[in-house]
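Morning, everyone. Please bring up the model on your screens, and we'll walk through it together.

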Amino acid sequence: MIKLRYPLFMAGALSFALLTSCSSDKNDVAGGTEAESTIALQIQLADGTPAALSRVRVLPLGYMADGLSQEDWSETDEGGYVKLDVDPGEYSVEVRGYGDSSAQGAVFTKMVDKMESTPVDSVSLGKLTTIEGFVAAGQGPSVIRIPGLERFIVPDSSGHFVIDSLPAGQFDIVIESRSNRGSVKLSAAAGEVVPEVNLGAPRGFAVEDFESFSGVSETGKILGDGWWYTYDVDGKNIMPLWDETLTRTYSGNDGCASGGCARIYGSAEKKTTHLGFLLGGFKTNYEMPDLDTLMFSARGVGKLHVSLAVYDSASTSSDKDMTFDVELSKVWQSYTLPVDAQNKVVINRIDFSVASGDSVYLDDVFLGGVSRASLGKVVIESEKDSSVYSADWKDHAALLKEVTGYAVGVRGGEGYIDSTAADSIQGEICLVTTTDDYIVVEDTTALDSAGNATLTAVIAPGSLRDCAYRDNAAWILFEKSGTYNLTSPLRIKSNKTIDGRGRDIRIAGMGILTNESSNLIFENLTFTEPSVTAADTSSRRAVSIHNFTHHVWIDHCTFEKYPLVEVDVKRGSNHVTISWSRFENGDTGILFGLAPDVIDESAQTLTMHHNYFDNMKWSGAFSRRGALHAYNNFFMGMKHYGIECTDSARCYLEKNVFNIQKTVTEYRLFVDGAPVDSTAGFINMTGNWIANGFEDSAISEAYYSSSRGYKPEYDYAADAADANLAWTLKEKTGPR
């Protein structure tokens with residue numbers, strides 16, 4: 001005899017004890033006094049033969065599988081008989097057997113009254129098939145279950161699901177969101193393909209659904225900023241995940257349900273124990289009176305620690321964290337954490353973390369009670385640097401007060417550096433009134449044999465080239481925004497300020513070159529879309545400072561898409577400062593010096609500070625000879641190195657942010673993987689933030705413990721290298 005005793009059924013979970021024995025006597029199966037109620041069955045295959053050793057499972061009709069454990073099966077005897085002792089109630093009976101080289105089965109319901117021993121029911125098995133379908137993309141984790149059957153199906157990352165081993169018939173299916181979208185109930189026949197199911201709109205606003213995890217989220221887009229972050233290699237400083245290369249460690253499709261999700265491991269090696277979200281700028285707080293819950297879905301091992309950096313704006317108390325510890329389940333579950341919103345709650349950070357040895361998959365993080373409209377009301381405009389057009393020489397003088405580093409003393413359009421009347425204005429204002437570069441004119445005094453006038457290309461009056469080629473000092477301003485296409489290299493003369501403040505000035509085509517021309521300022525310009533030609537390699541550089549040029553300041557400019565070098569400083573040029581500029585989508589950002597077998601450039605000097613480098617195919621800066629002082633720069637995406645300091649160059653690298661692993665190198669050449677000592681530079685590093693850790697720990701120790709290199713003697717103030725500096729450089733470099 002087989003006994004099944006069902007205790008109280010609570011919260012969708014079922015626990016029972018099972019004792020088994022078999023009898024081949026049909027009369028014995030029908031009787032019995034040990035249980036209050038009995039279900040007796042004889043199982044037959046489709047051809048009518050007894051289904052010996054078939055499996056039978058009896059579950060309450062409202063049973064819902066939890067995905068963590070499966071209820072046991074009972075077996076028929078040699079004659080296909082089985083007797084099950086149960087408590088009174090309504091049950092779902094599932095049977096599976098094997099015949100004709102294929103699995104067969106049946107599902108039916110059975111009502112059992114108290115003290116009832118039911119007659120033997122004959123059950124015929126039939127062919128098994130499936131029900132399949134899709135949950136709409138972007139719906140987050142969900143599970144598919146059939147009431148009364150042991151089915152717990154998690155769709156794959158595309159939302160596809162298959163419910164297998166079902167006999168012919170109609171089945172009720174429950175598709176339940178494991179985030180916060182509720183559930184959908186439908187009916188489907190075995191063998192049917194269910195149309196795509198949409199679980200409906202979620203409650204609250206999505207901080208992130210991880211379908212396309214780029215670092216910035218929907219919330220961040222509305223607030224104007226807002227980034228996911230982790231901690232740096234030392235586990236001390238917040239490191240925003242500013243691009244997809246940084247999010248790859250945390251995101252993906254493997255192990256996720258219905259799309260992407262985030263993964264956090266409690267591993268000292270992977271250093272991914274933390275993942276958090278900045279609600280806006282690094283130091284921005286948001287008042288959210290409607291926020292009542294933090295909702296998310298997760299599965300994993302161990303505990304998930306959740307922390308909200310909040311404080312009560314109605315009190316004078318210091319900042320505090322609202323913390324929760326969540327016990328993780330091996331299957332996807334939804335979690336709703338209450339946020340105490342009795343008073344005005346100000347929030348700026350959400351942090352998820354696991355302890356060593358634990359792990360979690362995270363999806364669908366929502367702010368409960370917050371709508372898109374209410375979120376839009378709390379936007380705090382970030383302070384953005386902006387410039388205005390001015391032809392007042394006082395504004396030019398104010399600009400000169402911003403220069404630091406080796407270019408101090410530059411006067412640009414105000415006049416000569418070595419003037420004895422340093423306080424007087426010796427230059428003129430030259431206004432660019434046209435985007436033309438050259439124009440074609442007819443010379444009717446010189447006719448060809450056919451009587452046609454000679455055509456000559458001349459510099460367009462009022463053009464950028466017209467102002468740059470003047471012999472006198474000039475403050476070059478622009479009447480209107482636009483793209484100024486240089487059809488040939490512009491060889492600028494000394495004592496010029498090209499000032500694009502208050503305008504959107506884009507310089508395209510060929511580059512700008514210096515040739516023993518000095519006292520130059522390039523301010524608030526975008527260099528883009530070079531026209532590369534075989535005839536003139538200058539088109540592969542936006543600005544080329546060479547041939548003993550001195551006192552040059554490049555400030556708040558953007559350089560992009562130049563395929564070789566975006567800015568070079570070479571052939572003895574010195575006293576150059578490059579500041580608050582962006583270098584993107586190129587090969588090398590700044591080339592400082594040529595190889596020593598070409599020219600000895602030991603006297604050249606360059607300061608580069610508060611610049612942003614990203615998506616460079618080679619390096620941010622390549623230094624060969626000379627003295628380079630690089631401080632407060634941010635290196636994001638470099639295929640090779642952030643800074644190369646080679647060929648006896650002296651490099652003082654101070655308080656920079658390196659969000660890359662290949663931060664610096666001191667060798668220009670490697671042969672069979674071994675460095676060539678004669679191409680080594682001298683590097684001194686201090687206060688830098690190596691967010692992802694040095695690729696070579698030996699290099700890190702050498703650079704940080706060494707006093708080799710040099711330290712500049714001029715006055716300057718360097719900011720601490722942290723996430724606030726990185727965010728500032730990402731947002732505020734380039735034209736203002």
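One definition before we start. A residue counts as buried when its relative accessible area is under 20%, and as exposed when that area is over 50%. Keep in mind that this is a predicted model.

Now take asparagine 611. Where is it found? Asparagine 611 sits in the loop between strand E46, residues 605-609, and strand E47, residues 612-624. Buried or exposed? Its relative accessible area is 0%, so asparagine 611 is buried.

What does its side chain reach? One polar atom of the side chain lies 3.0 Å from the backbone oxygen of isoleucine 578. The side chain also reaches the backbone nitrogen of tryptophan 580, at 3.3 Å. Leave out residues up to four places away in sequence, and asparagine 611 still touches others, including Ser579, Phe583, Asn632, Phe634, Leu729 and Thr733.

Next, the sheet. Ten strands form an open sheet with parallel pairing. Read the order with me: E29, E32, E35, E38, E41, E44, E46, E48, E51, E56. Which strands are at the edges? They are E29, residues 428-432, and E56, residues 682-686, and each pairs on one side only. On average, neighbouring strands of this sheet are turned by 10° against each other, direction ignored.

Look at the E56 end. Strand E51, residues 650-654, pairs with E56 in the parallel sense over five bridges. Tyrosine 652 has asparagine 684, in E56, as its bridge partner.

Now go to helix H5, residues 393-400. Which of its residues are buried? Trp393, His396, Leu399 and Leu400 are buried in H5. They span an arc of only 110° around the axis, so they lie on the same side of H5. And what covers them? The cover includes strands E29, E32, E35, E38 and E41.

Aspartate 392 caps the N-terminal end, with a side-chain oxygen 2.9 Å from the backbone nitrogen of lysine 394.

How many residues are in the largest one?

To finish, go back to asparagine 611 on your screens and find its contacts with isoleucine 578 and tryptophan 580. Thanks.

Technical notes
Residues are numbered from 1 along each chain as its sequence is written. This is a predicted model: local features need pLDDT of at least 70, side-chain atom pairs count only at pLDDT 80 or more; totals for chains, interfaces and linings use all residues. Side-chain values use heavy atoms; hydrogens and water are left out. Two strands pair if DSSP finds at least two bridges between them. Helices (H or I, at least four residues) and strands (E, at least two) are DSSP runs, numbered from the N terminus. Axes are lines fitted to C-alpha atoms, for helices over the stretch in contact, and angles run from 0 to 180 degrees between N-to-C directions. Buried means under 20% relative accessible area, exposed over 50%, partly exposed in between (1.4 Å probe, protein chains only). The arc is that of the directions from the helix axis to the C-beta atoms. Contact means heavy atoms within 4.5 Å. A polar contact is a pair of N or O atoms within 3.5 Å; within protein, one must be able to donate a hydrogen and the other to accept it, and residues adjacent in sequence count only if both atoms are side-chain atoms.
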